[in-house]
Amino acid sequence: MQIRLWNNNLKVRLLGEALFNMLFWMYFPFITVYFGAALGNHIAGILMTVPPIFSIIGSLLGGALADRLGRRPIMLLGASLQTVMFALFALSPSHWIDYAAFIGIGFGGAIYRPASSAMVADLVPVEERRQVFATFMTANNLGAVLGPALGAIFFFQYRQELLWSCSFVLLIYFIAIFFIVQETLPAPAKRTKPTGSIFQVFKEQWNGYGVIFRDKVFLVYILAGVFALVAIMQLDLYLAVYVIDYVPSQALFSWNGHSLMLSSTEILGWVLGLNGLLFVLFILPVTKWFRDWKERDVFVLSSLLSGIGTFALGLNTNIWFLFFVTIIFTFGEMVRSPVTQSFISRYAPEHARGQYMGADSLQFTIGRFLAPVTVFLSSWLQPMGIFSIILLSALISVVLYILLFRMYEEEKDAAEQRPGL
């Protein structure tokens, strides 16, 4: 499905999210290091487990309201909240206000994402979704190429200017959504309007999620995703701490007696930049290569590569070895991303698509809640101990994905046989 044939809603989202992510990757990978330097790794590890709790609430609320109020108003709410929180971060006089603003940014993003993903599913045919989601993944990672390398300089030296830039870009994006993006909520759902007090509305949303969380297949899917993402999410958590604390300054390359020396912080920027570059260059080809693979096999391969690749980081501190294993765990992250979104958009019933998208994001928010435990434990364990825990988490996800698709096939077989009984 060529971009020029896309609905205007998708084109606005593609451009807006690409611009924002370019700035996002200039600050986000360094947040843990920033709070660790200010408050200590022990406290930072604890603090980084709190924002995902707010993200869980935001995802559930955003997904439920997207099915009731529409995709567009919830996207506007999420974008406006992030705009305000970035401005607060830029104006903040203390690390604790920085932390509160960081939580608010995550909360706004969590509200926005389920409605945004549901809008793609509303507009794109099932057979095209994996490719469209991959295109969004490419755009979102364009900024991940240069962002971390530039952020290693700008975040620590020109933080306010960077944060104001994020706020400004989000404000422009909010305006674009308001004037250009049209509602896509399926017609039957549009007739369902919130009634009664705000408490009753939240109660209705919770009851709706109760139905989803009694879906055993979906619960195993979420649990498998959580363990897989504990490994994948270390890129801006323990990996950042490990590179800065344990990887020495070294030459990227030498020639004629001269060499390009990189500090630990700059090496981290290069590793993150390589991760983003690989996504930009290969997410679409990889999506095509694995188009005919079973979803189970893609998920299993992803967990194995991300777990083994991350574990291998602790085996050597040479910069070129770090680049090599970065390719391995990035490939693991890359193959799962489009499949995850296309799987849940197909699995979810149309009338509850927003809620399922919101519940699907739980694997990311719970994963983000658990992943910082590695930073917390780093005060007591050596790097190989931490990397072993990460590998174990990835292997658990492999087992759960195999169980998931066995349950899924049994459920489909039972549903096919039921009419004939």
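Buried, in this talk, means under 20% relative accessible area. Keep that cut-off in mind. The model is a predicted one.

Let's start with helix H14. H14 covers residues 295-312, which is 18 residues. From first C-alpha to last, the helix reaches 26 Å. That is close to the 26 Å expected at 1.5 Å a residue. Now, which residues of H14 are buried? Here is the list: Glu295, Val298, Phe299, Val300, Ser302, Ser303, Ser306, Gly307, Gly309, Thr310 and Ala312.

Hold on to Phe299 from that list. Phe299 belongs to an aromatic cluster.

On to the aromatic pairs. How many does the structure hold? The count is 19. One of them joins Phe218 and Tyr221. The ring centres sit 6.0 Å apart, with 40 degrees between the planes, and the pair is tilted. Both residues are in helix H11, residues 216-232. They are three residues apart, about one turn of the helix. Both Phe218 and Tyr221 are buried.

A second pair is Tyr238 with Tyr242. Tyr238 has a relative accessible area of 1%, so it counts as buried. Tyr242 comes in at 3%, so it is buried as well.

Next, Gln363. Its place is helix H17, residues 362-370. Is Gln363 buried or exposed? Buried, because its relative accessible area is 0%. What does its side chain make a polar contact with? The partner is the side chain of Arg336, at 3.2 Å. Leaving out residues up to four places away in sequence, Gln363 touches Tyr221, Ile222, Gly225, Val226, Leu229, Arg336, Thr340 and Tyr401. Gln363 touches both.

One last item, a charge over a ring. Arg72 lies over the face of Phe178. The distance to the ring centre is 5.3 Å.

That's the tour. Questions, please.

Terms used
Residues are numbered from 1 along each chain as its sequence is written. This is a predicted model: local features need pLDDT of at least 70, side-chain atom pairs count only at pLDDT 80 or more; totals for chains, interfaces and linings use all residues. Side-chain values use heavy atoms; hydrogens and water are left out. Helices (H or I, at least four residues) and strands (E, at least two) are DSSP runs, numbered from the N terminus. Buried means under 20% relative accessible area, exposed over 50%, partly exposed in between (1.4 Å probe, protein chains only). A polar contact is a pair of N or O atoms within 3.5 Å; within protein, one must be able to donate a hydrogen and the other to accept it, and residues adjacent in sequence count only if both atoms are side-chain atoms. Contact means heavy atoms within 4.5 Å. Rings of Phe, Tyr and Trp (its six-membered ring) pair if their centres lie within 6.5 Å; planes under 30 degrees apart count as stacked, over 60 as edge-to-face and the rest as tilted. A charge sits over a ring if NZ of Lys or CZ of Arg is within 6 Å of the ring centre and within 35 degrees of the ring normal. The expected span of a helix is 1.5 Å times one less than its number of residues.
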